[in-house]
Amino acid sequence: MDVDLEEVSEVIKKINDKKEQENDSRLISKSNVNDLSVFHVDALIDIQKIISASQSSMWKALRSDPIFTAPFEETQEILSGYNYDKIKLIILNIDIVGSTKLSMNLPIERVSKIIQTFTQEMTKIIRLYGGYVLKYIGDAIIGFFNVSSEHLYTLCINAINCARTMIKVINQGFNPVFGQYDYPELGVRIGIDYGENVIVKYYPHVDKIDDLSVYDYKTLQKSSDLISAKKPVYDILGYTISIASKMTTHARVNHIIVGQLIYDILSAEEQEYFSLVDINPENWNYISDETGSIYKLYLNRA
């Protein structure tokens with residue numbers, strides 16, 4: 001049984017309803033919460049069902065043409081409320097490891113079905129955990145979690161658990177299917193970071209107009225009308241989104257790498273699941289705005 005978009009919406013609604021019912025002070029303070037999982041998305045979803053549904057989707061895709069739906073209208077609606085505003089976001093970058101090997105061993109049509117299904121299923125997982133997909137770049141996906149400061153800790157945990165579920169789907173859902181076909185296995189690297197970004201607005205290409213060096217009223221009015229008739233496209237720019245992509249290259253296959261700002265938000269017990277990454281400064285020389293020294297990266301323990 002597939003997890004469709006209606007189910008995703010229903011789970012998200014349950015999460016929001018549960019949060020509204022809880023006392024805000026309990027959500028704000030980690031020290032007052034004994035069972036943190038009560039407030040996490042993992043407590044409300046069936047991860048095994050997600051794995052089974054994703055596996056079913058991959059089977060179907062390899063036997064027929066996959067139906068692909070991208071949730072960018074929802075993402076654009078969210079971002080439109082922050083036009084040119086600075087906003088703090090949790091950025092998640094997931095990148096496939098092994099797609100080149102797939103391309104070398106399989107027909108391109110087969111590879112495209114696998115990448116499409118991977119993208120679709122990872123998108124569903126991001127939405128289930130309360131995130132949004134910003135864009136697809138080849139076989140990589142950039143998602144984000146809209147941050148409210150009072151719920152920052154919970155959102156960081158949800159982003160990390162989202163990444164863990166993605167890895168489980170790859171290992172327990174997709175790769176057994178590939179094994180049946182004698183295809184190479186897939187792996188992923190996932191980077192998560194937190195910080196300030198800016199939302200920018202672009203307009204699509206407009207039809208050719210008169211020479212704009214002639215600044216007469218009619219020409220300017222025509223240009224304005226053409227632009228306003230086109231729907232703007234919103235994007236995210238900033239240090240955080242750039243770092244999240246670059247730090248992913250320093251993760252091991254099927255591991256999660258987080259930035260220092262994410263790590264510092266975690267409890268001492270949760271920090272035990274991560275270890276500091278020892279990187280040559282020649283390969284990683286990004287400076288933390290908080291400390292003025294090299295921005296530290298932490299990799300989850302196997």
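**Helices and cores**

Guide: Start with helix 3 (residues 47-63) and helix 6 (residues 108-128), whose axes come within 9 Å and cross at roughly 155°. This is a predicted model, where local features need pLDDT of at least 70 and side-chain atom pairs count only at pLDDT 80 or more, while totals for chains, interfaces and linings use all residues. Residues are numbered from 1 along each chain as its sequence is written, and side-chain values use heavy atoms, leaving out hydrogens and water.

Visitor: Why is helix 3 called roughly antiparallel to helix 6?
Guide: Angles over 145 degrees count as roughly antiparallel. The axes cross at roughly 155°, so helix 3 is roughly antiparallel to helix 6.

Visitor: Which residues of helix 3 and helix 6 make the contact?
Guide: Contact means heavy atoms within 4.5 Å. Among them are Ile 50, Ala 53 and Met 58 of helix 3, and Ile 114, Phe 118 and Leu 128 of helix 6. The contact residues divide into 9 nonpolar, 3 polar and 3 charged.

Visitor: What makes a set of residues a nonpolar core?
Guide: They are buried Ala, Val, Leu, Ile, Met, Phe, Trp, Tyr and Cys residues joined through side-chain atoms within 4.5 Å, and buried means under 20% relative accessible area (1.4 Å probe, protein chains only). Of the 56 residues in the largest one, Ile 90, Met 122 and Ile 192 touch the most other members. Helix 7 gives the most to this core, with 16 residues.

Visitor: What is Met 122 in contact with, leaving aside its neighbours within four places in sequence?
Guide: Ile 94, Ile 141, Met 166, Val 169, Ile 170 and Phe 174.

Definitions and conventions:
Axes are lines fitted to C-alpha atoms, for helices over the stretch in contact, and angles run from 0 to 180 degrees between N-to-C directions. Helices (H or I, at least four residues) and strands (E, at least two) are DSSP runs, numbered from the N terminus. Angles under 35 degrees count as roughly parallel, over 145 as roughly antiparallel, 65 to 115 as roughly perpendicular and the rest as oblique. Ala, Val, Leu, Ile, Met, Phe, Trp, Tyr, Cys and Pro count as nonpolar, Asp, Glu, Lys and Arg as charged, and the others, Gly among them, as polar. Buried means under 20% relative accessible area, exposed over 50%, partly exposed in between (1.4 Å probe, protein chains only).
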